[in-house]
Every structure is written in C-alpha cells, then in structure tokens.
Amino acid sequence: MAVVDGGTHALIDATIGGSGADRQALAPRLLRRLEPGVLLLAGPGARGAEL
C-alpha cells in the first residue's frame with residue numbers, strides 16, 4: 001500500500017504486509033503522512049469510513 005502524489009506521481013510513503021495482510025491493518029501506518037488540507041483518494045475496495 002502506498003501514498004503517491006497525484007500530480008507528480010512521486011512516492012511519498014509505502015508499507016508492505018504479507019500475502020494475507022488486510023488493507024485495514026496497513027492503512028493506519030500511512031495515515032501519519034497526511035497533513036491537514038490534503039485530499040486522500042482511495043482505490044476500489046478501500047473501506048476506510050472508520051479511519
């Protein structure tokens with residue numbers, strides 16, 4: 001799972017889990033990279049309403 005800049009496509013941060021890793025478990029590791037005013041767009045299958 002990664003956080004990428006939408007304009008430049010620059011990789012900001014990434015995290016790796018095993019083949020059975022749940023996206024819900026990996027996402028909080030990346031949320032620390034977001035700052036106020038940043039828009040997060042999630043891909044299909046992302047269930048992040050709780051986050």
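The buried residues of helix α1 are covered by, among others, strands β1 (2-4) and β2 (11-14). Contact here means heavy atoms within 4.5 Å, and buried means under 20% relative accessible area, exposed over 50%, partly exposed in between, with a 1.4 Å probe and protein chains only. Helices (H or I, at least four residues) and strands (E, at least two) are DSSP runs, numbered from the N terminus.

A word on the source. This is a predicted model, where local features need pLDDT of at least 70 and side-chain atom pairs count only at pLDDT 80 or more, while totals for chains, interfaces and linings use all residues. Residues are numbered from 1 along each chain as its sequence is written, and side-chain values use heavy atoms, with hydrogens and water left out.

Back to the helix. α1 spans residues 23-31, and L26, A27 and L30 in it are buried. Seen down the axis of α1, the buried residues fall within an arc of 110°, so they line one face of the helix; the arc is taken from the directions from the helix axis to the C-beta atoms.

Next, D13, which is in strand β2. Is D13 buried or exposed? D13 is buried, at 14% relative accessible area. Beyond its neighbours within four places in sequence, D13 touches M1, A2, V3, L30, R32 and R33.

The whole structure has one salt bridge, that is, a side-chain nitrogen of Lys or Arg within 4 Å of a carboxyl oxygen of Asp or Glu. The side chains of D13 and R32 form a salt bridge, 3.4 Å from N to O. D13 lies in β2 and R32 in the segment after α1, so the pair ties together parts 19 residues apart in sequence. R32 is exposed, at 60%.
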